[in-house]
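Please have the viewer open as you read.

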Amino acid sequence: MNDDPADQPTPPLREDLRLSEAGPGQRGDPAWVIQDTVVNRFYRIGWLEFECLLRWGQSPRRISEQIAEQTALKPDVRQVLDFRRFLEQHQLLRPGPEAVARLLGRSQGNAWMSWRWWLHHYLFFRIPLLRPQTHLARISRHMGWLFSPVTAWLVVLLSLTGIVMVLHQWDTFATAVVESFSTEGLLSFALALIVAKTLHELGHALVATRLGLRVAHMGIAFVVMWPMLYTDTGESWKLRSARQRLAIASAGIVTELGIAGLSTLGWALSDPGPLRNALLYLATTSWVLSLALNASPFMRFDGYFILSDLLDFPNLHERSGALARVALRRSVLGLDEPWPEPFSPARRRMLVAFAIATWLYRLVLFLGIAVAVYLFFFKLLGIVLFAVEIAWFIVMPVWRELKHWWARRKDVVRGRRVALAMVLIAAVLVLAVPWRTQVHARGVARAEQQLRVYAPYPSLLQQIRTAGRVKAGDTLAVLDEPDIAARSQGNEASIRGYQERLAGLMADPSGLAQEAATRQRLSAQFEQVRAARTEMARLNLQAPFAGQWLDVNPDWRNGQWIGSRELIGVLVDPSRWQVDAYVKQDEVQRLSVGSSVRFYPEGQPVPAQGHVIAIGTTRVNQLDHPMLSSRFGGPLNTVPHGEALVPAPALFHVLVQLDEAVPGLKETRGHLQIEAARRSLLADGLTRVYAVLLRESGF
């Protein structure tokens, strides 16, 4: 008895499958679609697979021989066996007794108790909510005007008008968006998201209905526990026209862009109030979802299907990924693996580049999702789900590819193996050797002694010194306050009057009783004159130390009023300059007092030399230099806490003494390179991982 699978009859196909002709491929080759009517899935096949189906039931060897005899195709038995495995994998063959028993055992058993069941349903599951075909047909009949060219051009024109009007009041629009980030605003955004996504899916469904397709169901899909509306438009693969499939795929984005444009116009025309706020939420949500999320071709969102239809390239992710894996094996291992599909070199390079971009995009996205999952759930469950995310989406694909590399290791030529080993050793050395000697930080250079000069109270400018060098005690500015001068003159006149009155009382024997009161009033007038002179002395602003007098407003003139909050000038000592630097928490322990420093002021290519003179022992609770905060265009992220700006993540203050002044003699923002204890990248990574594990180990 011959047990070779190539000589065994192929099992029969399921009787409920439907086969229909699809549009030709990009090179004109014919194509067909197999429809699984039970789950409403569609599988596109080519000429060879179609010829196999025509002869199905015979042995794979006999099928390949007949195709070679009766057509221009010259298939191999392996290709027929691969097609059989494809049909078995997608349950398109009639199940035999063993398969029926296996499926029956699964259905009768507690499948939900399996970790595989929970893993699959945690990562992705769908809940159909309604079968909308009857309602869609009725809506489509009454809303045909939506699909006319006149409507499309009108929406485009109104949307452009709205965008132009918003640009003319952009400050108001931006302020409204920023102010909407509150608890109430986030709830409103969520409601706008529901409205926009509902209309988005309705757009897909209506276009599919107008093209004669059946929308099996609509519902909610959960991707890593995140709910998303979905519409089953799988029957679009029945359409032979790629343009019609493109219309269905792009209907959602077109709908959202129309909503965004009309909402933008509505916001520009509305008066402040609830309606304008609602239009703001709807406009911003629709713009962001359409342009930033749905248009991405790197996930299986609308952008992916649009790109697939534009290129007429089904299964773009899978086919480009297969090409990229073979390209890596050929370029890295030097293997002469056959390409999965024949393409021109230019098209192959484009598909490989697209696959690599998709891998990088998904790596960043899945890492972000894993962190979000960890943060949203309680700690133990968050750790488990985080591990599942990393293992399923990142580790397992890499592990499968490395297993293939290991299985083919004997096919790699000796020279290539030696080169790869050297590259691996070099990478280990780069990671393990402690060659990192610098810590990077951000900071502000300032004079060790500096004085910002203000008027003690609103006063008249009498004289101001021009910018330049000054000595200690030099007058910087002379001010005048007429009310104080007038009060002082009045007090002096009163003093003269009281003195004359005392002289008269001394000559009058009856005036002895009034002498004590008069002397008391005279003493009060002397005190008021002394206080007025003290206040007037404060208006004579002098330099407490020698230095450089800077930042004097050249437009000021004698006789003009100066407020108490107006800066008159800045006096700095140019001989000694320091930098307030801010270092990350995990790097501050590598620093020591006396370490050499290079400070690169912004816009200056030549650094200033210096050394560390003090290192903070506690995290900074408030950023003393607002120019470093991201809220004011600086490089450090901060979160507001009342009026204070708190760095996030934690930073430590390091004080640096510079050997010379910075150019311009002004507070200057810059970048620092601080010599530190040597540390390898591997040690840094392990230290950070250990710190995270230690921090998160408490439950």
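## Strands and helices

In β13, R469 finds its bridge partner in Q548. This is a predicted model, in which local features need pLDDT of at least 70 and side-chain atom pairs count only at pLDDT 80 or more, while totals for chains, interfaces and linings use all residues. Residues are numbered from 1 along each chain as its sequence is written, and side-chain values use heavy atoms, with hydrogens and water left out.

Strand β13 (residues 547-550) pairs with β10 in the antiparallel sense, over three bridges. Strands here are DSSP runs of E with at least two residues, and helices are runs of H or I with at least four, both numbered from the N terminus; two strands pair if DSSP finds at least two bridges between them. Both β10 and β13 belong to an open sheet of four strands, ordered β8-β15-β13-β10 with antiparallel pairing. At its edges lie β8 (450-454) and β10 (468-470), each pairing on one side only. From one strand to the next, the twist averages 30°.

Strand β9 (residues 459-464) runs antiparallel to β14 and is joined to it by two bridges. In β14, W561 is the bridge partner of L460.

**Helix contacts.** Now to the helices. Two packed helices are described by the angle between their axes and the distance between the axes. Axes are lines fitted to C-alpha atoms, for helices over the stretch in contact, and angles run from 0 to 180 degrees between N-to-C directions.

| Helix pair | Axis distance | Angle |
|---|---|---|
| α1 (residues 47-54) and α3 (residues 77-89) | within 11 Å | roughly 80° |
| α6 (residues 133-142) and α9 (residues 183-210) | 9 Å | about 80° |

Helices α1 and α3 are therefore roughly perpendicular to each other, a term for angles of 65 to 115 degrees. L48, E49, C52 and L53 of α1 meet Q79, V80, F83 and L87 of α3, where contact means heavy atoms within 4.5 Å. By class, this contact has six nonpolar, one polar and one charged residues. Ala, Val, Leu, Ile, Met, Phe, Trp, Tyr, Cys and Pro count as nonpolar, Asp, Glu, Lys and Arg as charged, and the others, Gly among them, as polar.

For the other pair, the angle of about 80° makes α6 roughly perpendicular to α9. Helix α6 contributes Q133, L136, A137, I139 and S140 to the contact, and α9 contributes L202, A205, L206, T209 and R210. By class, the contact of α6 with α9 has six nonpolar, three polar and one charged residues.

Notes
Angles under 35 degrees count as roughly parallel, over 145 as roughly antiparallel, 65 to 115 as roughly perpendicular and the rest as oblique.
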